[in-house]
Amino acid sequence: MVSNKFFYSVIGSCIVIYIIGIFAIPLMDIDASQYASISREIIERNSFLQIFDQGQDYLDKPPLLFWLSALSMQLFGIYDWAYRLPSLFVLLAGIYATYQFAKMHYGSSIGKLSAMVLASSQAVFLISHDVRTDTMLMGWVMLSIWQLSVWFQNNNWKNFILAFVFIGCGMMTKGPIALMVPGLAFAGHFLLQRNWKQFYRWEYIVGIFIIGIILLPMCMGLYQQYDLQPGKLINGRPIESGLRFYFWTQSFGRYTGENYYHEMSHFTFLLENMLWSFLPWIFFFLPALFFAFKVVLKQKLRITNEQEFITVGGFLLTYLILARSQAQLPHYIFVVYPLAAVITAKFLHELFYLKKWIKWEKPLYYFHLFVLGLLWLAIIAITSWVFAEVPIFFPVLAIAGFVVFIWVAAKKTAIIPTQLVMALMTSIGVNIFLSTTFYPNLLKFQMGNDAAKVIKEKRLNVEEINLYGIHNSNALHFYSKRIFPYKSNKLMFKPQDKVLTSKDSVAVFKYLFPSTTVVHEGNQFAVSLLTIQFLNPATRGTETPKYVILDLDGKP
């Protein structure tokens, strides 16, 4: 049995890391900083129904994340942590829902294991601070699956209403996928049960009505912004209907070719990215999924009323659909990580507590000793070598953590399974160091937050600053609390202007404005695209182009 003390210690440690992340790590370009900037712009414009990004019509994601983040920033101020706070609350609710769902179907121990697996996965640590729509989506979807599962057992209207409210919130966060995942999960479950009556319940009409009410404000905004003003260009394409874009093009257009984005469309792309994003559990999850599906195959694709196929079916069917999309990104699969966590937890319980897969225990032990040991060695290298400004006690602590890891691996305690402790202490330990040393130092090389800090410290007049010939960083607009104008022609500048541009442009401006002085020079590295050359201090200079802030009249 999993003790409460152990469970609360793990969950509490994960939450501490989430909190460190939302306060210590600046927003990362592109998505997180863009969404934060949009949320701030909602406040500035006082426009909740019609959404804009740097003054331009925005039609990529539904508005719930922006609305909640804008309300949070209205309450607490324009801070990155205020932007992240609503998403963190929904994420924590999703972890709680994962616990309750697993407890309902498998008992308290597997419920606790499920919550610990999800909370300590690398994906959740990442999206707790790199907040994008997937952070909220994961929470809303798992809340809906939990409440639907309760409703199918007790027929209580409260659970039914909550389930469809959560589905509606998920659709307001990232679109129809929030309905698709629960639908696929329960459709597969009832199909294998041959429980046909569940497919034709009249209550679903009420559920659609609830979703409609939730979506109504968004639909009003889309209709006003696009359907009443057809022909607006989004990504170079005319949009005749915002409603059609939301309900069809953005999701199903990924299969028909109507969607603007075409990237990473090979079938195994999401699985390949799970190898890092579902660490340290991915190599428990893969055999868990295999054995779970093997049981169903042995039963000739039938399950009893006591069995549950919501998790396996929900994960597999969602994966199959997402993997056929013409546009994929690593975080698209995160929506079903709560289901993967339950599948993994069930296997862990059978492996370590019931000793069902005894022949697998030793091979998995040595394999994870190698993989987790590599992670500890990587974090020692990161803290001691990548960034020289990291205080010496961090690599010392990392080395101490590695020593404790080896001691735990050799001790093999009978109270708490050794492999469980190894995985959890590695995940939590590594992410403590990432959140306190790696990410904060990495983000110093991101132009947007660095330039905004310089503008504030030097008390530069933001009204005088224009952008030219440089990547348009949303972090710059958010942290400066201003949307800086971009001038495409250097002849448009006047002597009283200040320019934020690439270092390559200095000679041109000095030729046009001989009094030009360099106010500040900094790095502009795309931090989401790490390279070995960047991580190596000796070659980092070749990977970090420079930006400058210029004063064209040169006056102090």
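User: Is Phe283 buried, partly exposed or exposed?

Analyst: This is a predicted model, in which local features need pLDDT of at least 70 and side-chain atom pairs count only at pLDDT 80 or more, while totals for chains, interfaces and linings use all residues. Residues are numbered from 1 along each chain as its sequence is written, and side-chain values use heavy atoms, with hydrogens and water left out. Buried means under 20% relative accessible area, exposed means over 50%, and partly exposed lies in between, with a 1.4 Å probe and protein chains only. Phe283 has a relative accessible area of 23%, so this residue is partly exposed.

User: How are the planes of Phe283 and Phe367 arranged as a pair?

Analyst: Rings of Phe, Tyr and Trp (its six-membered ring) pair if their centres lie within 6.5 Å, and planes under 30 degrees apart count as stacked, over 60 as edge-to-face and the rest as tilted. By this rule the count comes to 51 aromatic pairs. For Phe283 and Phe367 the centres are 4.8 Å apart and the planes stand at 80 degrees, so the pair is edge-to-face.

User: What is the arrangement of the rings of Phe334 and Tyr337?

Analyst: Phe334 counts as buried at 1% relative accessibility, and Tyr337 counts as buried at 0%. Their ring centres are 5.1 Å apart with planes at 35 degrees, so the pair is tilted.
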